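Subject: Structure handover and notes

Dear colleague,

Please find below the structure I promised to pass on, followed by my notes on what turned up in it.

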Amino acid sequence: EALRPKLTRLAYRMLGGFAEAEDIVQEAWLRWRRADRDEVSNPQAYLSRTVTRLCLDQLKSARARRETYVGFWLPEPLIEPDAAEEPEDVTLTLMLALERLSPLERAAFLLHDVFDTPFAEVASAIGRDEAACRQLAARARAHVRSERPRYPLKQGEGEDIARAFFEAAAANDAERLKTLLAVHVVAYADGGGKRPATLNPIYGRDKVMRFIAGIAAKPGDAPRWLRAAVIDGLPGFIALDRWGTLHTTALALEDGQVTAVYTMRNPDKLARVSQLAAGLQ
């Protein structure tokens, strides 16, 4: 039980969803109950290895499901207070970078670079020798290095920009949006085929602004801000759109401007957020 939060974070980072992560950890617990304790010299290593191997098996079917996923896939949003207990700086942008890695590269990188697991234990977890694990982690590191946070935010700066973005988008304030959005901004949305969302990313400030203007022009109530939130390490907010649909929006920032907008509208991935938002509406 003491290791459950860490094991759940590992499984979530591997799979991108909490329900799957919790199922994996529960299965690991069942295997722990059946294990011969005299044969287990390091319970943490045993459980990390078990969770990792279960995740690798799960990823085979997960990747097949994502090939038929409707629209752009985003990981389930991790929102404080969940994120408050996490020491690692794994942001949503890094999670998406991990999606481009092979399952073994992802496992080696997460175990060693994020969860400080010695390479000897990594090798045992993924069934490769230490030299191979070092190569896997090095390749993964080269792919994701650019996604590490490079511009630490001042206290309150992320929330200020998130609120300014929400208000400018809600009012379709083109001048304000132009100052907030970087020229190379990209907007992503995940509706899972169950809620309206763009099927593909929208690239560039002008196209993103036109998309926001199109939404603002449609009939409906004014969007409603529920609360600011840190979403997978990025500043953002929970809100209701003009049709009353719950969604989360996370913002990647660089030099005070928004470089990426990540909007989650898929209700299957918003169950935990719905519980959090229930008292805010």
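Thr-52 has its place in helix H3, where helices (DSSP runs of H or I, at least four residues) and strands (runs of E, at least two) are numbered from the N terminus. Thr-52 is buried, with a relative accessible area of 1%; here buried means under 20% relative accessible area, exposed over 50%, and partly exposed in between, with a 1.4 Å probe and protein chains only. Leaving aside neighbours within four places in sequence, Thr-52 is in contact (heavy atoms within 4.5 Å) with Leu-10, Ala-107, Leu-111, Ala-125 and Ile-126.

Before going further, please keep in mind that this is a predicted model, in which local features need pLDDT of at least 70 and side-chain atom pairs count only at pLDDT 80 or more, while totals for chains, interfaces and linings use all residues. Residues are numbered from 1 along each chain as its sequence is written, and side-chain values use heavy atoms, with hydrogens and water left out.

On confidence, pLDDT is the predictor's own score for each residue, from 0 to 100. The protein chain averages a pLDDT of 88, and 91% of the residues score at least 70. Among the elements of the chain, H3 has the lowest mean pLDDT, at 85, whereas strand E2 (residues 202-203) has the highest, at 97.

Turning to the interior, a nonpolar core is taken as a set of buried Ala, Val, Leu, Ile, Met, Phe, Trp, Tyr and Cys residues joined through side-chain atoms within 4.5 Å. The largest such core has 45 residues, and those with the most contacts inside it are Met-14, Val-51, Phe-109, Leu-110 and Ile-126. At least two residues of this core come from each of helices H1 (4-15), H2 (18-34), H3 (43-67), H4 (92-99), H5 (103-114), H6 (119-126) and H7 (130-144), with H3 giving the largest share, 7 residues. Leu-110, if residues up to four places away in sequence are not counted, touches Leu-10, Arg-13, Met-14, Leu-98 and Phe-115. There is also a second, separate core of 24 residues, which includes Ala-162, Phe-165, Met-209 and Ala-239.

As for cysteines, a search of the whole structure finds 0 disulfides, a disulfide being a pair of cysteine sulfur atoms within 2.5 Å. The sulfur of Cys-55 has its closest cysteine sulfur in Cys-133, and at 16 Å that is too far for a bond. Cys-55 is buried at a relative accessible area of 0%, and Cys-133 likewise counts as buried at 0% relative accessibility.

The aromatic residues deserve a separate paragraph. Rings of Phe, Tyr and Trp (its six-membered ring) pair if their centres lie within 6.5 Å, with planes under 30 degrees apart counted as stacked, over 60 as edge-to-face and the rest as tilted; a search of the whole structure finds 7 aromatic pairs. Phe-166 and Trp-225 form an edge-to-face pair, 5.4 Å centre to centre with 70° between the planes. Because Phe-166 lies in helix H8 (residues 157-171) and Trp-225 in strand E3 (residues 224-231), this pair ties together parts that are 59 residues apart in sequence. Both Phe-166 and Trp-225 are buried. The rings of Tyr-188 and Tyr-262 have their centres 5.1 Å apart and their planes at 5°, so this pair is stacked. It links Tyr-188 in strand E1 (residues 181-190) with Tyr-262 in strand E6 (residues 257-264), 74 residues apart, and Phe-72, Tyr-188 and Tyr-262 form one aromatic cluster.

Charges also sit over rings, by the criterion that NZ of Lys or CZ of Arg is within 6 Å of the ring centre and within 35 degrees of the ring normal. The charged end of Arg-163 sits over the ring of Trp-225, 4.1 Å from its centre, and Arg-272 lies over the face of Phe-18, at 3.8 Å from the ring centre.

Two further residues complete these notes. Thr-263, in strand E6, counts as buried at 15% relative accessibility, and, not counting residues up to four places away in sequence, touches Leu-74, Tyr-188, Ala-189, Asp-190, His-247, Thr-248 and Thr-249. Phe-211, found in helix H10 (residues 205-216), counts as partly exposed at 37% relative accessibility, and, leaving aside neighbours within four places in sequence, is in contact with Thr-198 and Ile-202.

Kind regards
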